[in-house]
Amino acid sequence: MKYAVRLISMIAWLFVQTGASAQTSAPWFENAIFYQIYPPSYKDSDGDGIGDLKGIREKLDYVKSLGVDAIWFTPVFSSPFKDGGYDVADYYSVDKRYGTNDDLVELIRKAHEKGLKLCLDLVIGHTSNENPWFLESAKGTNLRYSDYYIWTPVIPDEAKGIKSTRDNNILGEDKYVHSNAPRGNYYIKNYYDIQPALNFGYANPNPSNPWEQSVDAPGPQAVQREMKNVISFWMDKGIDGFRVDLASSIVKNDPGKKATIRVWQGLNHWFKEKYPGGVLIAEWFNPRQSSEAGFPIDFMRETALVSNRQGGEFEPLVCYFAKDGKGQLKDWYEQFSDQYHATKGKSLISLPTGNHDNPRLNAGDRNTPDQLKVAMTFFLTMPGVPVIYYGDEIGMKFLTGLYNKEGSQGEATKNRAGSRTPMQWDSTKNAGFSAAGFWNLYLPVDKDPDRPDVAKEERDPNSLLNYTRELLRLRKSSNALSAAGEWQLLSDVNKPYPMVYSRYAGSELYCIILNPTGKKLEAAIPTLRKNKVSLVAGSPQAGNYKTGSPYDRISINAVSALVFKME
Ligand code: BGC
C-alpha cells in the first residue's frame with residue numbers, strides 16, 4: 001500500500017513537471033503558418049451553392065497537404081449577412097447555412113486529429129441591428145441589454161462636420177445613425193449602418209453628453225463580460241483561438257488608443273490565464289499598439305508593396321510586385337521596419353498573402369505563375385506569421401465587375417466580392433466547388449477556361465501550388481526562416497529592384513532575392529563573408545550569386561525569385 005501511494009505521488013510529480021516544462025516552451029502559434037478560409041466559398045457539401053462546415057471538413061487533407069498549421073475563418077455565426085457575417089445576430093450559434101454547432105465541434109475534432117488548429121473570427125466591436133440585444137436595447141433604458149449600445153438624442157456639436165478615420169479615432173457625424181426607436185434618435189455604428197457599435201465606453205466621457213459612459217461603467221462592463229462568455233463558449237468547445245475583428249475600434253473617442261489598450265490588456269490577461277494554449281490575433285494594423293495591448297500577433301495592412309487599390313475595384317496603381325518596375329520600397333520599408341523593431345521579441349507581425357477585404361495577389365496584369373511565385377516567395381520568407389488566403393496558393397484571380405454580394409460593396413467599401421469567389425478545385429462543374437446550378441452559386445466561378453485549379457496544379461511539379469508547398473517545407477526546416485528569425489534588408493532601399501534581404505538565426509543564414517520586374521538585373525551587396533552558397537528555392541537558371549570582397553554580386557533574371565542558403 002505504502003509503495004502504491006509513493007508510486008502515485010511520483011507519477012503526480014512527474015505529471016506536474018511535464019506540465020510545467022510544456023508551459024515554458026513556445027506556444028504553437030509563435031511558429032505557425034495560417035490558412036484563411038472564406039467559408040461560403042470554399043466547398044459546398046449539400047449542393048445549395050454556399051460553402052459549409054462539412055465542405056471544409058472534406059478538404060482538411062488538402063489544407064494539411066499545404067504544410068500549414070492552422071486555419072482561421074471569417075464569421076460563421078447566425079447572421080442576416082448584410083456584411084458577409086460580420087453582422088452577428090447570435091454569437092452562440094452557427095448559422096444554419098453553414099451547418100450546426102455540432103458540425104463545428106466535429107470539424108474541430110477532425111482538424112485536431114490531423115494536427116491542424118482552428119480559429120474563428122470574433123466580431124467584438126459591433127453586432128447586427130437584428131441581434132436581439134440591439135432590438136431590446138432600442139426599447140428603453142432599464143432593460144438587460146439597454147446599455148450594450150450607445151444611444152444619443154442628438155449629434156453633438158463636436159461631431160458635426162467631422163469625418164471619423166482610423167487615425168483620429170473620434171466619432172464624427174458619419175458614425176451617428178438616425179433611428180426612430182423609442183430609446184433615442186441616433187445610435188453609434190462601427191462600420192455599416194446595420195452594425196451598431198457595442199458599448200465599451202468612452203476614453204474621456206464628456207459630462208455634458210450623458211450617453212458617454214466610462215469604460216468601468218456597468219454597461220461597458222456587462223459588454224466585456226458578454227464577450228468573455230462568447231470567447232469561453234467556443235474555446236470550451238475546443239477551438240484554438242480567434243482573429244479579432246477591428247480590435248482597435250472598441251473604446252470611443254480614444255486618440256492614441258490608451259484606453260483601448262488598457263481594456264485589451266485586461267481581456268488578454270484574462271484570456272491567457274484561462275486558455276494558455278489559445279491565441280487572439282488582432283486585426284489592429286498597428287503591431288506596436290496591439291503588442292502593448294497584449295496581443296501576440298497583429299496584421300499589417302497591405303501597403304504600396306502589393307496593394308492595387310485605393311479602396312475599391314482593382315486600380316492599376318504603382319505596386320512593387322508589378323512587372324513595370326515602377327514600384328518603390330521606401331515607404332513600406334520605413335513602416336514595416338519601424339513596427340518590426342518596436343515589437344521584436346514581444347509579438348509577431350502577420351503579412352497575409354491577401355484576405356476577403358483586398359484584391360488578390362493575382363490582380364490586373366500581375367497574373368502569371370512566375371509573377372505570383374515572386375510575391376509568394378516574399379510572403380513565405382518574411383519574419384512573423386504567414387497567412388495564405390484560400391486560393392492564393394493556386395493563383396486564383398481577383399475578379400472585377402462583380403455585383404454587391406452580402407455587403408461586399410457598400411457605404412464603407414467598394415468591390416470585395418472579387419476576392420471571395422468559389423475555390424477552384426478541378427475542371428468539373430463549378431470548378432468542383434458545388435453541385436448547384438449557376439444561379440444558386442454564392443458568387444460566380446471564374447469563367448476563364450485556363451483558370452487555375454487544385455487538380456491541375458497537383459499534377460504539375462512547377463505549379464504555384466507545389467512551389468508554395470516547397471517554400472513552406474523550407475520555412476519549417478529552418479530557425480532562420482521561422483517567425484522569430486532575424487531579418488535585414490541588404491539591398492539599397494532607394495534602389496528598389498532587386499529586393500535582397502537576409503534571414504538568420506545563430507550561424508544559419510539565408511539570402512532572398514526578388515525581381516518582379518520584366519528586366520534582368522544585377523546588384524552588389526556588402527559581402528556576407530560566406531564561401532558556400534546553395535540555391536534552395538527558385539530555378540538554377542534564374543540567376544546566380546558570386547561571393548567576393550568587399551561586395552557579393554548578384555544577377556537575377558526577369559520575374560524571378562531566388563533563395564540561397566549561405567554557409
Ligand atoms: C472585416 C470586414 C468587415 C469589417 C466590419 C473588417 O475588418 O475584415 O470584412 O466588413 O471588419 O466588421
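Modeller: Let's start with alanine 431, which counts as buried at 0% relative accessibility. Keep in mind that this is a predicted model.

Colleague: What makes alanine 431 count as buried?

Modeller: The cut-off for buried is under 20% relative accessible area. Alanine 431 has 0%, so it passes. This alanine sits in the loop between β13 and α11.

Colleague: What is the phi of alanine 431?

Modeller: Phi is near 55° there, a positive value in a residue other than glycine. Asparagine 430 also has a positive phi, about 50°, and it is not a glycine either. That asparagine is found in the loop between β13 (387–389) and α11 (454–459).

Colleague: Why does asparagine 430 count as buried?

Modeller: Its relative accessibility is 14%.

Colleague: On to the ligand, then. Which residues are the closest to it?

Modeller: There are 13 residues around the ligand, and the closest are Asp83, Asp245, Glu283, His356 and Asp357. By type, the shell divides into seven charged, three polar and three nonpolar residues.

Colleague: How do you know that aspartate 83 has a polar atom within reach of the ligand?

Modeller: A polar side-chain atom of aspartate 83 lies 2.6 Å from a ligand oxygen. A polar contact needs a pair of N or O atoms within 3.5 Å, so this pair qualifies. Histidine 356 does it too, with a polar side-chain atom 2.8 Å from an oxygen of the ligand. For aspartate 357, the distance from a polar side-chain atom to a ligand oxygen is 2.5 Å. As for cover, the ligand taken alone exposes 310 Å², and the protein buries 97% of that.

Colleague: Now the strands. In what order do the three strands of the open sheet come?

Modeller: The order is β6-β8-β7, with antiparallel pairing.

Colleague: Why are β6 and β7 called edge strands?

Modeller: Each of them, β6 (151–152) and β7 (176–178), pairs on one side only.

Colleague: How do you know that β7 and β8 pair?

Modeller: Three bridges link β7 with strand β8 (residues 186–188), in the antiparallel sense. Pairing takes at least two bridges, so three will do. In one of those places, histidine 178 has tyrosine 186 in β8 as its bridge partner.

Colleague: And what about β9 and β10: are they parallel or antiparallel?

Modeller: They run parallel, and four bridges join β9 (residues 241–245) to β10. Phenylalanine 242, for example, stands opposite leucine 280 in β10.

Colleague: What makes you say that both faces of β10 are covered?

Modeller: Val279 and Ile281 on one side are buried, and Leu280 and Ala282 on the other are buried as well.

Colleague: What makes helix α12 largely enclosed?

Modeller: Ten of its 13 residues are buried, so the rest of the structure largely encloses it. Among them are Leu464, Tyr467, Leu471 and Arg475.

Colleague: How does the span of α12 compare with what is expected at 1.5 Å a residue?

Modeller: From first C-alpha to last, α12 (residues 464–476) reaches 18 Å, close to the expected 18 Å. Helix α6 (residues 218–235) reaches 25 Å, close to the 26 Å expected for its 18 residues.

Colleague: One last thing: which peptide bond around proline 498 is cis?

Modeller: The one from tyrosine 497 to proline 498, with omega near -5°. Proline 498 lies in the loop between β14 (486–489) and β15 (499–505). The bond from serine 549 to proline 550 is cis as well, with omega near 0°.

Key: Residues numbered from 1 in each chain as written. Predicted model: local features only at pLDDT ≥ 70, side-chain atom pairs only at ≥ 80, totals over all residues. Heavy atoms only, no water. Near = heavy atom within 4 Å. Polar contact = N/O pair within 3.5 Å; in protein donor to acceptor, adjacent residues only side chain to side chain. Areas by Shrake-Rupley, 256 points an atom, 1.4 Å probe, with all protein chains shown as cover. Nonpolar A, V, L, I, M, F, W, Y, C, P; charged D, E, K, R; others polar. Expected span 1.5 Å × (residues − 1). Buried < 20%, exposed > 50% of the residue type's maximum accessible area, 1.4 Å probe, protein only.
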